[in-house]
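Colleague: I would like to learn how to read a structure like this one, feature by feature. Could we take the general idea each time and then the case at hand?

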Amino acid sequence: MSIEQRKLDHVRYALELPITGSTGFSDLSFVHRALPESDLADVSLATSVGGLDLSSPILLNAMTGGAGPTEAINRKLAELAKHSGIAMAVGSQRAALKDPALCSTYSVVREVNPNGIIIGNLGAGATVEDAERAVEMIGADLLHLHLNVAQELTMPEGDRSFSDLLEKIQRVVEGVSVPVIVKEVGNGMSIETYRMLADIGVQAVDVAGRGGTNFVAIENQRRSGRQFQHLESWGQTTAVSLLEAQDFVNTFDLIGSGGVQHAHDAAKCLALGAKMVGLAGAVLRPLMEHGVEYATELVDHLHSELRAILTLQGCRKVGELAQRPLIVRGETAEWCRLRGLR
Ligand code: FNR
């Protein structure tokens, strides 16, 4: 199967498959303050990741590129990012490194949004040279290196060797011209992984937990014969992935993502120390069904609700949410107890 067909299948199944399973967000609650001592007008959504200043903590997370029809999708995503003033990432650029004729399916995002913050994307096995080519292709401000072992193992044509990824990530972190964000694609992360990434000097991590777009389920649809059904619930939820990261909130710029649907989910990520919150599937669906204007209204509304939540919590800045108590219940609390997390 060609990479191009795979890219189209990913979009198709991300749109078609229902979201099942929990992100853990329903186990998390803010404590209402009837006297917040705050003014909505004083609230700023500004944040920073990898040393870059951003006016919004919302990230349109990595999705597509690498097949003819994905150019139109990336154009729409870039228009949305530009109109909403949010950062965006492109999907894995490996296809264009193999076939330069596909570069325009990615570089369209820079054409549409010349001054926006744009994140490049490659797998964690990329060389420094490939990483630099990916950055140049779209004038990337930051580079994602994705970890997707469960997805690869479910793909009949996927990678099978993962024993030297950390060393390869380190080379790119040290050699590429922009800050690197290491990201999962929906199976989450743990203390053990954060420690390994911290040891090699990674600056930013996108947890991409379980509970949103499910790449094992997507790849199962693409397999013929028996499916890897039991891997569909593999990994840590987004809430757990962020709770596992609590010792690293000053080490990395954390991005909370995986199943984020609305401002309340986003605020919970910020309360757990995330500096940015990524959404992929939850934006792709309305964008493809109703267009850029409708999706822009949704992101504007998300910003309004986020400002309201900051006001309710007596916060002027997104970073202050991390100083507010967040109650952890249910399975998520049980996980924390068993893992000795605070
Ligand atoms: C993705 N995602 C993804 N991630 C990545 O690092 N490189 C990629 O090429 C892709 N491709 C891709 C295609 C499509 C159609 C979707 C919906 C998603 C994963 C994405 O960035 C994110 O980590 C997960 O989708 C989890 O977030 P959501 O979708 O639950 O908000």
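Colleague: Is R12 buried or partly exposed, and how is that decided?

Modeller: A residue is called buried when its relative accessible area is under 20%, exposed when it is over 50%, and partly exposed in between, using a 1.4 Å probe and the protein chains only. R12 has a relative accessible area of 41% and is therefore partly exposed, while E16, at 52%, is exposed. Keep in mind that this is a predicted model, in which local features need pLDDT of at least 70 and side-chain atom pairs count only at pLDDT 80 or more, whereas totals for chains, interfaces and linings use all residues. Residues are numbered from 1 along each chain as its sequence is written, and side-chain values use heavy atoms, with hydrogens and water left out.

Colleague: With which residue does R12 form a salt bridge?

Modeller: A salt bridge is a side-chain nitrogen of Lys or Arg within 4 Å of a carboxyl oxygen of Asp or Glu. R12 pairs in this way with E16, and their closest N and O atoms are 3.1 Å apart. Helices (H or I, at least four residues) and strands (E, at least two) are DSSP runs numbered from the N terminus; because R12 and E16 are four residues apart in helix α1 (residues 3-16), about one helical turn separates them.

Colleague: Which parts of the chain does the salt bridge between D141 and R110 link?

Modeller: The side chains of D141 and R110 meet at 3.1 Å, N to O. The pair links distant parts of the chain, since D141 sits in the loop between α5 (128-138) and β7 (142-146) and R110 in helix α4 (residues 104-112), 31 residues apart. D141 is partly exposed at 23%, but R110 counts as buried at 17%.

Colleague: Where do E244 and R339 lie?

Modeller: E244 and R339 form a salt bridge with closest N and O atoms 2.6 Å apart. E244 belongs to helix α10 (residues 238-244) and R339 to helix α14 (residues 330-339), so the pair ties together parts that are 95 residues apart in sequence. E244 counts as buried, at 1% relative accessibility, whereas R339 is partly exposed at 32%. The structure holds 15 salt bridges, and a network of them links R6, D9, E157, E219 and R222.

Colleague: How many residues does the largest nonpolar core have?

Modeller: A nonpolar core is a set of buried Ala, Val, Leu, Ile, Met, Phe, Trp, Tyr and Cys residues joined through side-chain atoms within 4.5 Å. Here the largest one has 93 residues, and L143, I169 and L306 have the most contacts inside it. Helix α13 (residues 292-312) gives the most to this core, with seven residues. A second, separate core of 13 residues includes V49, A87, L142 and I181.

Colleague: Which residues are closest to the ligand?

Modeller: A residue is near a molecule if one of its heavy atoms lies within 4 Å of it. By that rule 22 residues surround the ligand, the closest being A62, S92, T213, G259 and G281. Helix α1 gives the most to this shell, with three residues. A backbone N or O atom of S92 lies 2.8 Å from an oxygen atom of the ligand, and for G259 the corresponding distance from a backbone N or O atom to a ligand oxygen is 2.7 Å. Taken alone the ligand exposes 600 Å², of which the protein buries 96%; such accessible areas come from the Shrake-Rupley method with a 1.4 Å probe, and for residues only the protein chains shown count as cover.

Definitions and conventions: Polar contact = N/O pair within 3.5 Å; in protein donor to acceptor, adjacent residues only side chain to side chain.
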